[in-house]
Amino acid sequence: MRNMLLLTGGTILDPSCGVNERGDLLIADGKVARAGGRISDVEDAEVIDCTGCYVSPGFIDVHCHLREPGREDVETIATGARAAAAGGFTAVCAMPNTEPVTDNQAAVGFIIRQAHRAGAAKVYPIGAISVGQKGESLAEFGEMVGAGAVAVSDDGRPVASAHLMRTALEYAQAFDIPVIDHCEEPTLAHGGSMNEGIVSARLGLRGIPSEAEEIMVIRDILLARRTGGHVHLAHMSTKGSVELIRWGKERGINVTAEVTPHHLTLTEEAVDGYDTHAKMNPPLRTAEGLAAVREARPHGTIDVVATDHAPHHYDAKEREFADAPFGIVGLETALALVVTELVGTGILDFPQLVDRMSTRPAKLFHLPGGTLAEGSVADVTVFDPTREWKVDPSAFLSMGRNTPYAGRTLTGRAMCTIVDGRVVYRLTQ
Amino acid sequence: MTSTLGKDLLALEPLSPDQIRLILDTAEPFKEISERSIKKVPALRGKTIVNLFFEASTRTRISFEFAEKRLSADTVNVAASGSSVQKGETLVDTARNLEAMRIDMVVIRHSASGAARFLAERIESNVVNAGDGMHEHPTQGLLDLLTLRDHFGDLTGRRVCIVGDVLHSRVARSNIWGLKKLGAEVAVCGPKSLLPWGIGELGVQVFKRVEEAIEWAEALNVLRLQLERMTAGFIPSLREYNRVFGISKERLERAPRDILILHPGPMNRGVEIDSDVADGPHSVILNQVTNGVAIRMAVLYLLAGGRPELAEAAKGSAGGGER
């Protein structure tokens, strides 16, 4: 007997096929069997009522930190994958800055195995660019890809050496994977804990100028031009970066970029009061930077939304600002922040949201999913675009509680997350 | 207990001009106590104050301690070395442990900007910021204001320039806010590598050359140049700093007027300031130190709930502090 799931009464929203209309979705044996129209001729399928909801290809987060191996006290692959599913993500890409660093095929295989055991959202490992993320010699891209890695990055540590970045962009082409860079010129950003500007001047905190990001953005774009490699720029935050990426794209250079929900919704003003939950890297920027990354999205200059989900222990954030670690959790608030702050303000529409959170991430990283075309993998997100909820960190499935959005009322919520035709999350209340 | 200042004194930026004037006015009657042969009044009798110094300090710590003792408070000094901080205890644990011993106030000096506020948000005792990183040093700003007011009277329209390493200076930030709130015109001057990016947006003039600052100013507040700024690459050498930005007698003699000289100390003679200026007729550097005790007495008195109109009376009796 076939294993069937029937999603009824929702609106199928699939930018990959240009579909945005009421219809049912039938899933059989982990694949999309039929999409659209009323499906009433199927018996013995489990039925999920999706009235009032969008039924879209599953969201894919190309940038998160799951902390395992090494910091299982902060997050594990299992808790991270469950948090992802609760946020509507059917797949996430895990950054390699673990302890030890994910810089070899065995380490990549470990993540795949842990993710399989968790049985929640899929977890695709990202391998390190350099051995130990030390910025010296290339890690074994080929073996890591063979074990399941989908990209390489030294995220968390900027690639300081232009030569190393060039080599990575060249070598990665044999495996058709993007090279992701965390753009930060280390000597310029040195010791900074927030954006350099009027707020850092007032608070007496060392600043990170926007040029620390932009210098590396243009370096990477020029190296992509030289090598023909695919460079993917993580968490863009400044107006200058957006202008440089546009410059590169107009010239046909293979550059793609992502922006986080927090850089789309907060400015450096959030740091006032030394709130360590507003400490992230790159730092929250000015209103001008916020406007630039927001505007960039409908035109496609910035390709995808990625969370940079970075759980930290409560104690680590409960300290002096300069000593607190960078980063916030994001998997369980990303959808609602984009719905509330971008769709709600008319900057994006829902098809564009699904494009940036599902279709394009799948395409850029050559991942299954991102579409509900018949026969494709049944990774599906059912989300209610009008449901209001209050952010309560204690209710997160992530072990991380470090969010600046606690107490905020947001609109939009994942109701049901389906991976390979199996329900891995369902909102219960 | 909430005073007219609120629970804590963390910075001058959030204070109103009236609150600043209140502290300065309250300091006036306290000045006289330090001139007596018996330098003690009972205003804070029974109060327990912890001086929590995570950074080395001589002048500020002693000034606070004198202020506390002259108000009859019981004081304990905790230095970072030799305490459990050295064993890896966090700031919040240190504070909670102190508070568990039922203290009334904490005076904190810390190398991290925001540390005083961090503490204040987590304990019920009054917190006085004695300098947090590169953020603020509010009692230093207040004693500078008191010293300027002693000389000029009303500060409205008076032109004060802060000279030197503004980037790393908590004194500079407190001065900027305090002076502006009292109506003074404020400028900063120093090598651009030692000025915060965007400082002009705080509403201060910026002079690139010290000669321009001297031409403009009625008072100069000369900041200490930390010797490690040279090794960190902000300036090439102390010698050149002195030649280009040092406050010398020759430079001041070319000024169109007498210029009042302030310095928060400790001075590097021959670097940011020459000895004949520091010891010269227009220097009020030692007046600043004297005023520091009165200002700190006023702040502690007000935070403890002392009523400003009774400050004069508090000098003579135990009736000043509400209990």
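In this predicted model, T11(A) sits opposite Y54(A), a residue of β7(A). Strand β2 of chain A covers residues 11-14 and strand β7 of chain A covers residues 54-57; the two run parallel and are joined by two bridges. In general, the strands of a sheet pair through backbone hydrogen bonds, in either a parallel or an antiparallel way.

Now step back to the whole sheet. β2 and β7 of chain A belong to an open sheet of six strands, ordered β3-β2-β7-β18-β19-β20, and the pairing is mixed. At the edges stand β3 (19-22) and β20 (422-426) of chain A; each has a single partner strand, so one side of each is left without a neighbour in the sheet. From one strand to the next, the twist averages 25°.

Two helices pack on this sheet. Helix α12 of chain A, residues 334-343, touches β18 (380-390) and β19 (409-419) of chain A, and its direction makes about 135° with that of β19(A). Helix α13 of chain A, residues 350-364, touches β2, β3, β7 and β18 of chain A; here the helix direction makes about 35° with that of β7(A).

How is chain A divided into domains? Domain 1 takes in 4-54 + 376-426, while domain 2 runs over 58-364. Their C-alpha centres lie 25 Å apart. Where the two domains of chain A meet, domain 1 gives 30 residues to the contact and domain 2 gives 43 residues. On the domain 1 side, β18, β19 and β20 of chain A each supply at least two residues, and the largest share, seven residues, comes from β19(A). Sorted by class, that side of domain 1 of chain A has 17 nonpolar, 10 polar and three charged residues.

Finally, let us turn to the contact between the chains. Chain B brings 21 residues to it and chain A brings 16 residues. On the side of chain B that touches chain A, helices α3 (91-100), α4 (115-120) and α6 (170-181) of chain B each supply at least two residues. Which of the elements gives the largest share of that side? It is α4(B), with three residues. The residues on this side of chain B divide into 10 nonpolar, six polar and five charged.

Conventions:
Residues are numbered from 1 along each chain as its sequence is written. Chains are lettered from A and ligands numbered from 1 in the order in which they are written. This is a predicted model: local features need pLDDT of at least 70, side-chain atom pairs count only at pLDDT 80 or more; totals for chains, interfaces and linings use all residues. Two residues are in contact if their C-beta atoms, placed from the backbone, lie within 7 Å. Helices (H or I, at least four residues) and strands (E, at least two) are DSSP runs, numbered from the N terminus. Ala, Val, Leu, Ile, Met, Phe, Trp, Tyr, Cys and Pro count as nonpolar, Asp, Glu, Lys and Arg as charged, and the others, Gly among them, as polar. Two strands pair if DSSP finds at least two bridges between them. Axes are lines fitted to C-alpha atoms, for helices over the stretch in contact, and angles run from 0 to 180 degrees between N-to-C directions. Domain bounds come from an automatic or database domain assignment.
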